[in-house]
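Dear colleague,

I am handing over a structure that will be new to you, and I would be glad if you could look through it with the notes below beside you.

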Amino acid sequence: MTKAYDRYVLVTGGAGFIGSNFLNYFVAAYPNYYFICIDKLNYSSNSSTKNIRSIISKTNFKFIKLDLAESFDELYQLIVTNNEQYPITDIVNFAAESSVDKSFESPLYFTRNNILSTQNLLECYRLLKESNSNIKINFLHISTDEVYGDSNIDAVEYGTLRPTNPYSASKAAIDLIISSYQYSYKLPICIIRPNNIYGPYQYPDKLVSLTLNCLKNNKNIPLHGNGSNKRCYLHVRDFLEGLELIWTKGDMDGTYNIGSEFEIDNYSAVKLICEAFIGSNKGLGERISFVPDRNYNDLRYSINCDKMKSLGWEPKIEFRAGIENLIENFYESL
């Protein structure tokens, strides 16, 4: 391959929920960029490339099936050894296990897939920079607001990390490892911490996608505890617009909270989704199955997004409108 593109973007976890939305938008919007997608194709991507089927044959796109936690040699060959063939200019790291419930069942699995996988990526980045100090790479790592833990105080980007479950602990751990690479190896890395993202292609183990999937298949909706835990929701399109703004105008060695100020408790969220799906919440009590609460279930998350707002970003899609659009354009056609 000759260097025919302006940038070469390595996207990890690109067949999953957020990664596939990113690629479906950016591959078309940036035809002068070459996108290389790495994904191990686990359950969250339906063990297939279905989520990215519309771009799989594009000339500025390449898919590689690879497990980041197990395939350091292959990753090294792609990023470092084959740098002349694929002169990586940007890395966008979506790859992660994100199910809190599954993390309670298999915490070691989350340590492996959320820490070791990203550190393998960091090591290739470090070794590439050591081989050629003139190489400049934008490295964007997608974290989560859950690293701040259960809080009523708006957490700022330099706030204390207080994770409360194995999933968020694994994300906080790799955030700290990233910080060590920033200090020890002078590697610029941008950390992005969003709150709950929803939208097309989301595996039905999150509240929005699970509720819609249950309604579509006429199944009861499982709800932890009494449904009083609160969350803020951000549509994936709003997140991608924020990510694009960070990528083009942000500090590539900084941290950004990105989220919505719309907060709703889980029971009310299910009620709203039912109203949007069937036009009523009549009989809601019969549709919900209250299940035992999580080992620990954060009451709420609260993040300060002033830094993102200073870039000119604010979410545009109101939660109810986002749900209605999702129903009309995605769930009705499943």
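This is a predicted model: local features need pLDDT of at least 70, side-chain atom pairs count only at pLDDT 80 or more; totals for chains, interfaces and linings use all residues.

Residues are numbered from 1 along each chain as its sequence is written, and side-chain values use heavy atoms, with hydrogens and water left out.

Two helices

Helices and strands are DSSP runs, numbered from the N terminus, a helix being H or I with at least four residues and a strand E with at least two. A residue is called buried under 20% relative accessible area, exposed over 50%, and partly exposed in between, using a 1.4 Å probe and protein chains only.

Helix H1 covers residues 17–29, and its 13 residues should span 18 Å at 1.5 Å a residue, which agrees with the 19 Å between its end C-alpha atoms; the expected span is taken as 1.5 Å times one less than the number of residues. Because ten of these 13 residues are buried, H1 is largely enclosed by the rest of the structure. Among the buried residues of H1 are Phe17, Phe22, Leu23, Phe26 and Val27. The buried residues of H1 pack against S1, S2, S3, S4, strand S7 (196–198) and helix H7 (236–249), where contact means heavy atoms within 4.5 Å.

Helix H7 has 14 residues that should span 20 Å, and its end C-alpha atoms are 20 Å apart, which agrees. Ten of the 14 residues of H7 are buried, so this helix too is largely enclosed by the rest of the structure. The buried residues of H7 include Phe239, Leu243, Ile246 and Trp247, and also Asp238 and Glu244.

Pro194 and its surroundings

Pro194 is found in strand S6 and is buried, with a relative accessible area of 5%. Leaving aside residues up to four places away in sequence, Pro194 touches Ile142, Ser143, Thr144, Asp145, Phe239 and Ile258. The C-alpha atoms of Pro194 and Asn257 are separated by 5.8 Å, although the two residues are 63 residues apart along the chain.

Salt bridges

The whole structure contains 14 salt bridges, each defined as a side-chain nitrogen of Lys or Arg within 4 Å of a carboxyl oxygen of Asp or Glu. One of them is formed by Asp90 and Arg7, whose closest N and O atoms are 2.6 Å apart. Asp90 lies in strand S4 (residues 90–93) and Arg7 in strand S1 (residues 7–12), so this pair ties together parts that are 83 residues apart in sequence. Asp90 is buried, with a relative accessible area of 0%, whereas Arg7 is partly exposed at 24%.

Arg112 forms a salt bridge with Glu70, the closest N and O atoms being 2.7 Å apart. Arg112 belongs to helix H4 (residues 107–131) and Glu70 to the loop between S3 and helix H2 (72–81), so the pair ties together parts that are 42 residues apart in sequence. Glu70 counts as exposed at 60% relative accessibility, while Arg112 counts as partly exposed at 24%.

Glu261 and Lys309 form a further salt bridge, with 2.6 Å between the closest N and O atoms. Here the loop between strand S10 (255–258) and strand S11 (263–265), which holds Glu261, is tied to helix H10 (residues 306–309), which holds Lys309, so the pair links parts that are 48 residues apart in sequence.

Two loop residues

Most residues other than glycine have a negative phi. Ser47, however, has a positive phi, near 50°, and is found in the loop between strand S2 (33–39) and strand S3 (61–65). Ser47 is partly exposed, at 49% relative accessibility. Lys186 likewise has a positive phi, near 55°, and sits in the loop between helix H5 (166–185) and strand S6 (190–194). At 63% relative accessibility, Lys186 counts as exposed.

With kind regards
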